[in-house]
Amino acid sequence: MKRITFILGVAAAALALPAQANAQKATMKIHLKTGGKVLTATLPDTPTSRDFLSLLPLKLRLKDYARTEKISDLPRRLSIKDAPAGHTPVIGDLAYYAPWGNLAIFYQGASHAPGLIKLGQLDGGIEHLAAMNGEFEVELLRADAKQPIK
């Protein structure tokens, strides 16, 4: 009887794994519109990413910071519930820097930063943002939004 219970337990756990994996892989898409281009980013389903999505649609003015990232203040602080203590950004990362309350889009990798929370990853086009000089406007929209992308 113990053997049957063990086998049923293993089978139940194996059936639950795909559902858990799919839940962990749930993602959301956003569009970033700037300089005549539309870029797409993928965000994991996390409390901080969901809070960021609640701000959209949003227009921001990005500027260069440390020849590594484009940054802009957000209209309010985001939830950091269940967020890691820090992140080591790579090229294409969208991140929230909790100590300053700003959005960062990395076009260069950087060292680990406490308080940096990854929001998502650009699907491509980082070279377009990296080449933008001075301050410039970016419009952020949910990919599933009804607003037209021009």
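The following questions and answers go through a predicted model.

Trainee: Which residues count in a predicted model, and how are they numbered?
Mentor: Local features need pLDDT of at least 70, side-chain atom pairs count only at pLDDT 80 or more, and totals for chains, interfaces and linings use all residues. Side-chain values use heavy atoms, with hydrogens and water left out, and residues are numbered along each chain as its sequence is written, from 1.

Trainee: How many helices and strands does the protein chain have?
Mentor: Helices (H or I, at least four residues) and strands (E, at least two) are DSSP runs, numbered from the N terminus. From that end the elements run α-β-β-α-β-β-β-β-β-β-β-α-β. The secondary structure comes to three helices and 10 strands.

Trainee: What share of the 150 residues counts as buried?
Mentor: Buried means under 20% relative accessible area, exposed means over 50%, and partly exposed lies in between, with a 1.4 Å probe and protein chains only. Of the 150 residues, the buried share is 39%.

Trainee: Which residues form the aromatic cluster?
Mentor: Rings of Phe, Tyr and Trp (its six-membered ring) pair if their centres lie within 6.5 Å; planes under 30 degrees apart are stacked, over 60 edge-to-face, and the rest tilted. The whole structure holds two aromatic pairs. Tyr65 and Trp100 are edge-to-face, at 5.6 Å centre to centre and 90 degrees between the planes, and Tyr97 and Trp100 are edge-to-face too, because their centres are 5.2 Å apart and their planes at 90 degrees. The one cluster is made of Tyr65, Tyr97 and Trp100.

Trainee: How many residues apart are Tyr65 and Trp100 in the chain?
Mentor: Tyr65 is in strand β3 (residues 58-65), and Trp100 is in the loop between β6 (93-97) and β7 (102-106). The pair links distant parts of the chain, 35 residues apart.

Trainee: Is Trp100 buried or partly exposed?
Mentor: Its relative accessibility is 45%. Trp100 therefore counts as partly exposed.

Trainee: What is the volume of the largest pocket?
Mentor: On a 1 Å grid over the protein atoms alone, a pocket is an open set of points where a 1.4 Å probe fits, with protein on both sides within 12 Å along at least five of seven lines; lining residues have an atom within 4 Å of a point. Its lining includes Tyr65, Tyr97 and Trp100. Grid points are joined across faces, edges and corners, and the volume is the space filled by probe spheres set on the points. For the largest pocket that is about 160 Å³.

Trainee: How many residues does the largest nonpolar core have?
Mentor: A nonpolar core is a set of buried Ala, Val, Leu, Ile, Met, Phe, Trp, Tyr and Cys residues joined through side-chain atoms within 4.5 Å. Leu122 is one of those with the most contacts inside the largest core. That core has 30 residues.

Trainee: Which residues does His128 contact beyond its neighbours within four places in sequence?
Mentor: His128 is in helix α3 (residues 126-131). At a relative accessible area of 15%, His128 is buried. Contact means heavy atoms within 4.5 Å. With those neighbours left aside, the contacts of His128 are Thr34, Gly35 and Lys37.
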